Amino acid sequence: MEYKTHPSTAEPDTAESHFSTFATPLIDEAVAHAAKLQAKPDAEVLHKLRVALRRLRSLLWAYRPLLDKQLDDRQRELFKELAGAAGQTRDWDILTDLLCQVLGPEKASLDELRAARKDASEQSRAILSHAGISSKLDDALNSSAVALNASHSNTPLKEFARRRVRAAEKSLHKRMHLAARKRGSDYEAYHEVRKAGKKVRYLLDFFEPLLADKQLRSAKTLKKIQKRFGALNDVVASEELLSANRTLFTNSRVAKRANAALEKERKRKVKAAAKLLR
């Protein structure tokens with residue numbers, strides 16, 4: 001689901017005045033997903049909540065030059081923490097799906113993972129249910145809006161949007177260049193490319209009506225980056241999750257097969273992602 005908001009022509013065309021226009025739909029979406037979790041720890045709802053929180057972090061990054069740095073740091077850390085709690089269940093789902101694909105007739109051996117996934121789901125719901133998401137997000141929105149209004153600045157919205165997208169694109173290209181110079185086993189460099197690509201994609205969604213055609217044409221390439229680097233991230237995250245829970249498998253032979261299969265899949269995903277760096 002994309003969160004595109006067209007700025008109202010009734011408001012002044014300044015970045016400061018439109019912050020709430022961009023942030024409010026994301027906060028409403030996050031709060032709605034959090035409310036659904038009260039009744040059922042649904043993995044898809046958790047994922048949508050995490051995406052909404054990630055988009056909020058990207059929006060704050062865009063507004064960082066206009067906000068107090070300490071305020072921005074605190075709010076983005078809050079969104080990161082909440083998104084991390086929301087992502088635990090999905091990590092187990094990804095690991096289980098990957099191993100179902102590679103273990104074939106030994107799928108029954110994944111019962112341990114499914115039990116761990118259930119525990120993670122309940123834990124995520126418990127954490128988020130008591131996190132006071134609605135009040136925290138409302139406070140974050142109000143604090144940012146107050147800070148922007150107090151600055152008495154009037155940054156032209158179109159100029160601001162294009163400048164911040166250019167900055168995000170520059171960051172992405174820099175990280176792609178660095179990743180191309182690294183060995184494929186240096187996953188951290190690839191991870192930075194993935195995060196930078198997401199940021200650009202989110203900003204294109206936010207600011208689409210304000211951008212030049214040249215900036216919008218990069219959306220197709222960004223989709224490829226997200227798909228390939230996201231697939232690599234799924235495998236690496238699954239390896240790390242399995243490594244941190246070595247005692248899950250009671251059958252050591254199955255555990256070895258699972259680790260070997262994930263390692264093989266990671267190498268394949270690295271090669272696929274590396275092709276986009278050339």
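The protein chain of this predicted model is divided into domain 1 (13–88 + 102–155) and domain 2 (156–277), with bounds that come from an automatic or database domain assignment. Residues are numbered from 1 along each chain as its sequence is written. Because the model is predicted, local features need pLDDT of at least 70 and side-chain atom pairs count only at pLDDT 80 or more, while totals for chains, interfaces and linings use all residues; side-chain values use heavy atoms, without hydrogens and water.

The centres of domain 1 and domain 2, taken over C-alpha atoms, are separated by 19 Å. Across the boundary, 26 residues of domain 1 are in contact with 23 residues of domain 2, where contact means heavy atoms within 4.5 Å. About 2300 Å² is buried between domain 1 and domain 2, and carbon and sulfur atoms give 68% of that area; buried area is the accessible area (1.4 Å probe) that two parts lose on being put together, summed over both.

One salt bridge is counted between domain 1 and domain 2, the term standing for a side-chain nitrogen of Lys or Arg within 4 Å of a carboxyl oxygen of Asp or Glu. In the whole structure, nine salt bridges are found. Arg55 lies in helix α2 and Asp205 in helix α7 (residues 187–207), so this pair ties together parts that are 150 residues apart in sequence. The side chains of Arg55 and Asp205 meet at 3.1 Å, N to O, in a salt bridge.

Two helix pairs are set out below; helices are DSSP runs (H or I, at least four residues) numbered from the N terminus, and axes are lines fitted to C-alpha atoms over the stretch in contact, with angles from 0 to 180 degrees between N-to-C directions.

| Helix pair | Angle | Axis distance |
|---|---|---|
| α3 (residues 69–103) and α10 (residues 252–274) | about 100° | 10 Å apart |
| α2 (residues 43–63) and α6 (residues 157–181) | roughly 110° | within 10 Å |

Helices α3 and α10 are therefore roughly perpendicular to each other, a term for angles of 65 to 115 degrees. Their contact includes Leu95 and Leu98 of α3 and Arg257 and Ala261 of α10. Helices α2 and α6 are likewise roughly perpendicular, and Trp61, Ala62 and Tyr63 in α2 meet Phe160, Arg164, Ala167 and Ala168 in α6.

Technical notes: Parallel < 35°, antiparallel > 145°, perpendicular 65-115°, else oblique.
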